[in-house]
Amino acid sequence: MTRIETSITKDFVLQIIQNKAWYGFNPETHAFNWQASLENIAASLNLNPQEVNQTITQAFTPDCLSQVIRKDNSSVSLLEATLEIGLMPHLWTVGDKDWQMEKFLRSGAANLIAKDHYHCSLDNKTQALEGIIKTLTQEGRDHIVVVDDKDTSLQSVKKLAQEYKARKVTIFDYLMKLSNPQADPTAFFDWLQGLRQKVTNNQIGLIFDFDGVVANTDQVLFGQAVDNLYNLLHSRLCI
């Protein structure tokens, strides 16, 4: 049995996850690699990578889906809210395909979104975005909304917006911040409802980033995943 230091605290585990030094990358493509990341976390905590994988992935449940607060103070996931008004978004993400799919499935998003609306790129998110926009415009959608939590990702959206302007297609970029009431899922949904008053549903195409928009990934990693890792560590204590 592996010996675990009894002095390890939950704060220590949190610090390891928060600093993201555990990120592993493919040496050839330089893309994020989940297996390499697992090995880094496992080495930091003196655990088995397979156990770390199971412990972290189990932390992802439908509770991680970002929420829209309704007028009656009830809540519903952003995905469900958009589906309720007749709009099915495309999910647009980048990273290790196995890791992204694991989150897609465990979050319950896979039960809400059609498989052909899920797009994951290893490293070129912009190229994937261009493909999605092309599909939406072919469907006759001329008001396309792209939502991401990173301004760097939205810079490519702004460039595409200029290109499509000549084709009479309007591309909106929305910078979502889950902890900011002015830019969280509820604020975005209110904005979307305003757009629906100007154009029909058939004209609107939605593209959502997954981490930080559809799912509150950091909250899971820094919360339940840390709790799970800490509990695993202390279940393996050899005193």
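Both Lys125 and Asp209 are buried in this predicted model, and their side chains meet in a salt bridge, with 3.1 Å from N to O. Lys125 belongs to helix H6 (residues 125-138) and Asp209 to strand S7, so the pair ties together parts that are 84 residues apart in sequence.

## Other charged pairs

Side chains of opposite charge can pair when their charged atoms come close. How many salt bridges does a search of the whole structure find? The count is ten. Among them is the one between Asp211 and Lys103, whose closest N and O atoms are 2.9 Å apart. Asp211 lies in the loop between strand S7 (204-209) and helix H9 (217-222), while Lys103 is in helix H5 (residues 97-106), so this bridge ties together parts that are 108 residues apart in sequence. Both Asp211 and Lys103 are buried.

Arg141 and Glu139 also meet through their side chains, in a salt bridge of 3.0 Å from N to O. Here Arg141 is partly exposed, with a relative accessible area of 21%, and Glu139 counts as partly exposed at 44%.

| Salt bridge | N to O distance |
|---|---|
| Lys125 and Asp209 | 3.1 Å |
| Asp211 and Lys103 | 2.9 Å |
| Arg141 and Glu139 | 3.0 Å |

Leaving aside residues up to four places away in sequence, Asp184 touches Tyr174, Met176, Lys177 and Leu178.

## Aromatic rings

The structure holds 13 aromatic pairs. In one of them, the ring centres of Trp22 and Tyr23 are 4.7 Å apart and the planes stand at 75°, so the pair is edge-to-face. Trp22 counts as buried at 4% relative accessibility, whereas Tyr23 is partly exposed at 30%. Another pair joins Phe172 and Trp191, with centres 5.4 Å apart and planes at 75°, so it is edge-to-face. This pair links distant parts of the chain, 19 residues apart: Phe172 is in strand S6 (residues 170-175) and Trp191 in helix H8 (residues 185-196). Phe172 is partly exposed, with a relative accessible area of 24%, and Trp191 is partly exposed too, at 31%.

Trp22 and Tyr23 also belong to one aromatic cluster, together with Phe25, Phe32, Trp34, Phe60 and Trp99. Elsewhere, the charged end of Arg167 sits over the ring of Tyr164, 4.2 Å from its centre.

## Two positive phi angles

Finally, look at the backbone of two loop residues. Asn46, which is not a glycine, has a positive phi near 60°. Asn46 lies in the loop between helix H2 (34-45) and helix H3 (49-57) and is partly exposed at 42% relative accessibility. Lys168 has a positive phi of about 60° although it is not a glycine. Lys168 sits in the loop between helix H7 (151-165) and S6, and it is exposed, with a relative accessible area of 72%.

Methods:
Residues numbered from 1 in each chain as written. Predicted model: local features only at pLDDT ≥ 70, side-chain atom pairs only at ≥ 80, totals over all residues. Heavy atoms only, no water. Phe/Tyr/Trp six-rings, centres within 6.5 Å; stacked < 30°, edge-to-face > 60°. Buried < 20%, exposed > 50% of the residue type's maximum accessible area, 1.4 Å probe, protein only. Helix = DSSP H or I, 4+ residues; strand = E, 2+ residues; numbered from the N terminus. Lys NZ or Arg CZ within 6 Å of the ring centre and 35° of its normal. Contact = heavy atoms within 4.5 Å. Salt bridge = Lys/Arg side-chain N within 4 Å of Asp/Glu carboxyl O.
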